[in-house]
Amino acid sequence: MSSAVLSLTNVSKRYGDFTAVNRINLSIPKGSVYGFLGPNGAGKTTTIRMILDIIRPDEGQIEVLGCTSAMQVRNRIGYLPEEKGLYKKMKVWAIISYFATLKGMHRKDAKLRAFELLEQYGLKDFANATVDSLSKGMGQKVQVLSSIAHNPELVILDEPFSGLDPVNQEVLEQLIRDLKNNGQTVIFSTHIMQHAERLCERLLLITQGSKVFDGTVDEARAIIPRRVILECLDDVSALAGLDGVLSVCELPVSSEGRIPGTRQWELYVKEQTNPQMILQHCFHNSISLSRFDFTQTSLHDVFVHLVGQEAREHNFR
Amino acid sequence: MRVTLLIAWREYLENVKTKGFWIGVLLVPIVFFIIFHVSSRLATATPTRYYLLVDQSGQYADSVESAIRREHQRRVMLDFMRYLQENRDETDSVVAISNQPANQMDELLDNFGNDDVAALDDWLSNGGLAFALQMARPYLRADTPDFEEPRPQFVAAVPPPGLDFNASPEQIVETLRPFLNGEQRLQAGDNQVSLFALILIPADVDSDIVRPAPVPTGMADDTTPQGVQYWAGNLTDTRLSNAIQTSINNAIRQQEYTQRNIDVDAVRDVQRTRLPVSRLDPGKVAGDEQVSLADTFRQWAPMGFVYLIFISLMQSVQYLLSNTIEEKSNRIIEVLLASVTPGELMMGKLLGIGATGITTIVAWLVSFFVFIRLYQTVETAMIVQILDVLLSSDLIPYFVFYYVCCYALYAGIFLAIGSLCNTLKEAQSLMMPLMMVLVVPILTMSFVAQDPNGSLARVMSWIPLFTPFTMMNRAAAQPPMFDVVGTTILLVVSTIAVLWLSGRVFRQGILRTGQPPRILELWRMLRKRTT
């Protein structure tokens, strides 16, 4: 794909017997916002480090901005690592400007750009403060700014939202949108699905080093069937016989917000099924519903569906 | 190259901004100044010592008193010489200083008999000093302050009431013991003073005179004190006891001469006959072979350079380790590695911190020069001359070369260590063996300086970790060409090799987390091919 800014072909990385990344294929179109999703220890950071040529893959090819090594095009890439850190004794503007000069910017331009960014994202008053006087969240914002100060074509952010309060998470989301509107390609990793849902056009979902999904958000949602929740006094298991309904099962009793004596049912329906049809059927059969809930499948559900079991096992191993 | 310089510059600025750097830069000149200032003041500031002389034999009191006067005269003369030197009108004639007037003065005074000292004393106190000052006046600067005769350092104390001079020595000592221990104080004018020393000459002291015997009598078994008893709590200030010993022995010998009918004057003349020994250096050009003070200094100067290398290296090592570990533990390293190669990062650090070290040395030298220009005394004037000799010698290029090599060699190793550790604590345990290695050239430094071309020096020169120190130390002694060229090649090759290997460890170590690697793992790192 000629418009791809990044492509990975059969990329693997092993540490001794442990396979961190297993034969991943990937292609990221220019100007897109791309999410790397996966549970802790899935191999997101390793993949990102390989993309940046900080570590070498054991096999496979990586092409970044038309080159085989990110080092050759390092000035066109911006990177925010997962573990955030800055020089504690440096001034805020100086650190942004320093990283920009390392990326090839002229010293004066870098300084101007640093102040411009700090003003744009509400940190103007801290421009002359030293890093160790900043809060953790502010430090992280500064680090994000220092990774984009040189206007990179490709921005890679590893867990950019972790540690930010909701307000600053929104600021960061806006920043990512600004980058996209500017024609820059953004890759970010996260395990907070809401961000991915709001920002990403495409997603990569990896677990235990292997790719389990790569596609658009809608495609991801289509992986698990749509769901209808019914609450009533009757047994509605007969609804399973309806055309377009895949399964019906009763959910375990939980008292939360439920009218006493009602039962709760979960129906999985086909993608193209109109939920109106179920409502009509209930009406005709005099089933009185106290709740009818048809929701979009959330990315969260997809995530839990795809990696839930493994992630849980992994965590409690 | 551009990013290497950027990293170096940031590294340099960061270090120069730290408090530790300024403490290092300022502390050395300040300590130097204080030591210099205090030591020259201390000589005059030594408190007055009060002594008590009890001469039951009635023979040696004069000798002891004259010894003490002679000690005082020595100080007066020295102070006067120094006063002349410091206040001399023409500044360019300081050349003469290195002729060591102090030693000549000692010689002159030692040649005086006791009577002469008394005469000198009288002469000075009766206006001799004033006369000498008047003679010197035309040669002194207009703003010269008056010469202040130093206070006598040893003053006879007033014996405490109740001290019986004719009691047995044991009783006298018992009576005075609380005074000597500082438990009681003596009255001196309006002041209470402590007794510094008791010189007790028993009546039968002559029976203890030791004469040469054909068969040595061996060590005496009894521990009762013999001869003149010198009681003092202060064991370090031996000037008084030495002076007394010399002077009493002189007096005894005078008696011996008389008893044996030997012409005392002839003996004195014989004793004052001397043949000078000229120290010559075969390495110097014909006609200029005399070993001067500057030559001697030049021979010892390399030790100063070795110290300078060592101190500067110690300082740089701290920066190298702490900065690398800061970047590692803060994970800044990952951002850096997305922007620069590990090689560029390492070189940047080496350059930046090397520049910090050089700045420190330059700052020290500048403050040293400023100090000796502003603070003109006999000693600093001498240092100026010696420095002139030193700067025109070939030691400076040696120093620059060995400094650079030594820094690159050790910095490479320490950077590799820094890259493997996450905390300074971890680094310190890894540093320990290297520190031991570094101490070796410092411990052997004076041996090497005394025998610059001996086997120890030669063997150590061929061990690359010691080469910069040892060869610097030997630099003034014209080491064989084979050693110079051979060790230089070996040093340069091993420096390059160490930097290359450190680069490998650095590249792999820098992203490591967790415990520092074991030896086997380290070996694997060195061998692993990373492109």
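Colleague: Which strands form the open sheet in the order E2-E1-E4 of chain A, and what is the pairing?

Modeller: Strands of a sheet pair through backbone hydrogen bonds, either parallel or antiparallel. Here three strands of chain A form an open sheet, E2-E1-E4, and the pairing is antiparallel. Strands pair if DSSP finds at least two bridges between them. Helices (H or I, at least four residues) and strands (E, at least two) are DSSP runs, numbered from the N terminus. This is a predicted model: local features need pLDDT of at least 70, side-chain atom pairs count only at pLDDT 80 or more, and totals for chains, interfaces and linings use all residues. Residues are numbered from 1 along each chain as its sequence is written, and chains are lettered from A and ligands numbered from 1 in the order in which they are written.

Colleague: Which strands stand at the edges?

Modeller: E2 (18-29) and E4 (59-64) of chain A, each with a single partner strand, so one side of each lacks a neighbour in the sheet. Neighbouring strands are turned by 15° against each other on average, direction ignored. E1 (residues 4-15) of chain A pairs with E4(A) over five bridges, in the antiparallel sense. Leu8(A) stands opposite Ile62(A) in E4(A).

Colleague: What is the order of the open sheet of six strands in chain A?

Modeller: E5-E6-E7-E3-E8-E9, with mixed pairing. E5 (77-80) and E9 (210-216) of chain A are the edge strands, each with a single partner, so each has one side without a neighbour in the sheet. E8 (residues 202-207) of chain A and E9(A) share six bridges, in the antiparallel sense. Phe213(A) in E9(A) is the bridge partner of Leu205(A).

Colleague: Which strands does helix H1 of chain A lie across?

Modeller: H1 (residues 44-51) of chain A lies across E3 (33-37), E6 (154-158), E7 (185-190) and E8 of chain A, running at about 150° to E6(A). Helix H4 (residues 136-148) of chain A packs on the sheet too, touching E5 and E6 of chain A. The direction of H4(A) makes about 165° with that of E5(A). Contact requires C-beta atoms, placed from the backbone, within 7 Å.

Colleague: At what angle do H2 and H3 of chain A pack?

Modeller: Axes are lines fitted to C-alpha atoms, for helices over the stretch in contact, and angles run from 0 to 180 degrees between N-to-C directions. H2 (residues 92-102) and H3 (residues 107-120) of chain A pack at about 130°, with axes 8 Å apart. They are therefore oblique to each other. Angles under 35 degrees count as roughly parallel, over 145 as roughly antiparallel, 65 to 115 as roughly perpendicular and the rest as oblique. Residues making this contact include Trp93(A) and Ile96(A) of H2(A) and Phe115(A) and Leu118(A) of H3(A).

Colleague: How far apart are the axes of H1 and H11 of chain B?

Modeller: The axes are 7 Å apart. H1 (residues 2-17) and H11 (residues 342-374) of chain B pack at about 40°. That makes H1(B) oblique to H11(B). The contact includes Ile7(B) and Tyr12(B) of H1(B), and Leu345(B) and Leu351(B) of H11(B).

Colleague: How many residues of helix H17 of chain B are buried?

Modeller: Buried means 20 or more other C-beta atoms within 10 Å of a residue's own; 12 or fewer is exposed, and partly exposed lies in between, with C-beta atoms placed from the backbone. In H17 (residues 467-474) of chain B, eight of the eight residues are buried, so this helix is largely enclosed by the rest of the structure. Among them are Phe469(B), Met471(B) and Arg474(B).

Notes
Two residues are in contact if their C-beta atoms, placed from the backbone, lie within 7 Å.
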